[in-house]
Amino acid sequence: MLRTCRRAPFACPSLTVTSWALCLALATPALADGPGFAVDRFDPAERGSDWFANNSLDLRGDLRPAVGVTYDWGYKSLVIPDSAGRETVVLRDQMFVHTGGALILRDRLRLGVSLPVLLHEGGDELVLANGGPALGSPGIGDARVSSDLRLFGEFGGPATGALGVRAYFPTGDQARLTSDGTLRLLADATVAGYIEGFVYSVHAGFHVRPLDGEQLGRTPGSELVFGLATGVKVNDMFVLGPELTGSTAVVGADAFTARSTPLELLFGFHVTLSDHWRMGSAIGPGLTPGDGAAVMRVLACLEFAPDYCVDKDGDGICKSQDACPDVDGVPTGDPKTNGCLLDRDRDGFADKDDACPDKAGVKSGDPKTTGCPDRDHDGVPDESDACPDEAGVSSKDAKTTGCQEAVAKASIEGPQVQTSEPIAFLRGTAELDPATTPLLEAVVALLTTESKVIVAVDAQVVSVPAPERSALAEKRALAVQAWLVAHGIAASRVRVSPIQREPSQSEQPTEDRVELRVVEQEEPVTPLLD
């Protein structure tokens, strides 16, 4: 039925124009009724959606706008074979920019407009009795006006449903394969949702396409349309996944045939560039030889779509309602504190970090007491402080903790350095207990004052099995020696006996202990740190 001009001279090698035209008339039967129809099957989703051809139903806000452009290039979207099996590539490539915008009203209704602008199209020129498609210069396609009404669910939930209606006005040109030349209507239902990072959208509808007679040897008619998109959404900023779109004619001579069932698959992504700007790209093949199903389609988009809920701190509270937009806080219902760290006692410490969330307190070096009342600011909370109005230190004795008498002290009494409490280690290890730091600081202060005193560190251990005691005792003595040296005492003044003395039965200690003995300089001891 169809031939291309460049094939005609070979089929009809006459020398005169008249005979050439006569040969064409005999070789090419006339096609009835009209020069063409809207071939491009890509119908962009409303601006602000997470997909290219499927809607994500983000219908939040009132007078919330979105505008954008989508580049659409389809390769071999209309190929017509003849009875001999030869193909006429009517549309080798067709290039559009779909411009459009949307406006959301009352958290429920979305209105949209879209206009495809034809940048380029090319292919084999058809030789038809009534004239072929006039491919060539830029133009426009059929303008679309649409509306979507949310019926149930909320965006971000597992399922949101909406009904949509779209009207396509014949602003394009049939001869350029960008219009049907008639008003078209599409009604569809969409369900979309979000489940633990997984997003989806599915829709189905009916497209009223009132074309009469044949168009380029086809009988396009009303059709069922459908689509499915699935993917992952990361941090409300990145969406990645495939989309499937298709339709099938249900009336006319070509109903339910492969030629009237274009089906395409796209693999694409959308990413948020800033609070309101987004871009995306997709590529995919046609899955059927249906008219308009491009062998390959490439898409790219850029949109200005103000986010209804900008949430930089990730606390689930929109920036417009978050009193602390840069802090991962909690909802309070109070505009002055909503989205801030909850602080019931208003002492500056978030409840999650406050050891006393219902009593205003102060900072301390211990997470167990931070945020608790401490009138004398000695780090011991009032409820545990035996002397709440006198700055002291913490001790294991409840009767003196927080008092001056609990201040760590060290003194020389005879051959021994006496301390106000034992040097403590974490149970079963040679690691110094952080609570013993004030005591060791007192020993440093003493040895700094008594600059000629030399001490030896003796350790006794009874808390571990006998075979392990000697080794642990030596490690503990070395740990004390290392701490004192690290804090300013010369290594030659702190010594550790190389062999730990085993106490006699009468001297056997009942608990672990470390002692500092004052030694004569000539006593045969071995310094282990120099």
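Strand β2 (residues 87-105) runs antiparallel to strand β3 (residues 109-122), and 13 bridges join the two. Strands here are DSSP runs (E, at least two residues), helices likewise (H or I, at least four), numbered from the N terminus; two strands pair if DSSP finds at least two bridges between them. This is a predicted model, where local features need pLDDT of at least 70 and side-chain atom pairs count only at pLDDT 80 or more, while totals for chains, interfaces and linings use all residues. Residues are numbered from 1 along each chain as its sequence is written, and side-chain values use heavy atoms, with hydrogens and water left out.

Back to that hairpin: three residues sit between β2 and β3, and R106 in the turn has a positive phi of about 55°. Within the pair, F96 has L118 of β3 as its bridge partner.

| Strand paired with β3 | Bridges | A facing pair |
|---|---|---|
| β5 (residues 143-152) | six | R110 and D148 |
| β4 (residues 139-140) | two | V117 and I140 |

Next, the surface. V113, V145, F169, L183, L185, F206, V208 and L224 make a nonpolar patch of about 630 Å². Patch members have over 30% relative accessible area and no salt bridge; nonpolar side chains (Val, Leu, Ile, Met, Phe, Trp, Tyr) are joined within 5 Å, like charges within 9 Å. A salt bridge puts a side-chain nitrogen of Lys or Arg within 4 Å of a carboxyl oxygen of Asp or Glu, and areas come from the Shrake-Rupley method with a 1.4 Å probe. F206 lies in strand β8 (residues 198-208) and is partly exposed at 34% relative accessible area (buried is under 20%, exposed over 50%, partly exposed in between).

Inside, β15 (residues 416-419) and β18 (residues 513-519) pair antiparallel over two bridges, with V417 partnered by L516 of β18.

Methods
Buried means under 20% relative accessible area, exposed over 50%, partly exposed in between (1.4 Å probe, protein chains only).
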